[in-house]
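Here is a short briefing on one protein chain. Start with the view below, then read on by topic.

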Amino acid sequence: MEKTVHIVVIDAQGGGIGKQLVAAVKKSIPNTVVTAVGTNGAATSAMIKAGADQAATGENAVVVACRRADVIMGPIGIVIADAMLGEITPAMAVAVGQSRAARILIPVERCATTVAGVQDTSTGILVKSAVDSLRSLIGISNN
């Protein structure tokens, strides 16, 4: 019996990156349970519409989900306190950073954060790269 992989996708603001991640993971990778955690209702709703298996909203939901995840995915701001217009609380950033889960982060250059060495790339290409990284992490060929 193949192990089910528990993926937590965290996003803020309108949930656009999270929505794309949820849709790509659900389409591309079988045997995953995707939990969408938004910092607000709009982000959570967007990820539910994209096909998340379960969803929750808010700081405590992020903290709890990070304890249960095999892999955490989202924009890089989820590990930076006060990022995303202040929606990422220090407790959220710590929960993501201290989780035993693997982290796959989308290197968006917002929130006064520049990721050196990252080329200006479309979000769609970044999401595809993140899903390819997830497939590799869990041992699925990227063919």
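Gln13 is partly exposed, with a relative accessible area of 35%. That value falls between the 20% limit for buried and the 50% limit for exposed. The model is predicted, and the points below start from this residue.

**Loop residues with positive phi**
- Gln13 sits in the loop that links β1 to α1 (16-28).
- Its phi is near 45 degrees, a positive value in a residue that is not glycine.
- Asp82 also has a positive phi, near 75 degrees, and is likewise a residue other than glycine.
- Most residues other than glycine have a negative phi.
- The loop between β4 and α4 holds Asp82.
- Asp82 is exposed, at 53% relative accessible area, because exposed means over 50%.

**Helix α4**
- Leu85 belongs to helix α4, which covers residues 83-86.
- Is Leu85 buried or exposed? Leu85 is exposed, and its relative accessible area is 80%.
- Between the C-alpha atoms of Leu85 and Val131 there are 26 Å, with 46 residues of separation along the chain.

- Helix α5 spans residues 90-98, and its buried residues are Met92, Ala93, Ala95 and Val96.
- Why do they lie on the same side of α5? They cover an arc of only 160 degrees around the axis, which puts them on one side.
- An α-helix has 3.6 residues a turn, so residues three or four places apart point the same way.
- Which elements do the buried residues of α5 pack against? The partners are β1 (5-11), α3 (59-68), β4 (71-75) and β5 (102-106).

**Overall fold**
- The protein contains 6 helices and 5 strands.
- Read from the N terminus, the order is β-α-β-α-β-α-β-α-α-β-α.
- The radius of gyration is 14 Å, close to the 15 Å that the globule rule gives for 143 residues, so the protein is as compact as a globular protein of that length.
- The C-alpha trace spans about 40 × 35 × 30 Å along its principal axes.
- Among contacts with a separation of 6 or more, 69% join residues 24 or more positions apart.

**Surface and charge**
- Buried residues make up 44% of the 143 in the protein.
- The accessible surface is about 7200 Å², and carbon and sulfur atoms account for 51% of it.
- There are 12 positive and 10 negative side chains.
- The centres of these two sets are 7 Å apart.

Definitions and conventions. Residues numbered from 1 in each chain as written. Predicted model: local features only at pLDDT ≥ 70, side-chain atom pairs only at ≥ 80, totals over all residues. Heavy atoms only, no water. Helix = DSSP H or I, 4+ residues; strand = E, 2+ residues; numbered from the N terminus. Rg over C-alpha atoms; globule rule 2.2 N^0.38 Å. Buried < 20%, exposed > 50% of the residue type's maximum accessible area, 1.4 Å probe, protein only. Contact = heavy atoms within 4.5 Å. Areas by Shrake-Rupley, 256 points an atom, 1.4 Å probe, with all protein chains shown as cover. Lys, Arg positive; Asp, Glu negative; His and termini not counted. Charge placed at Lys NZ, Arg CZ, Asp CG, Glu CD. Arc of directions from axis to C-beta.
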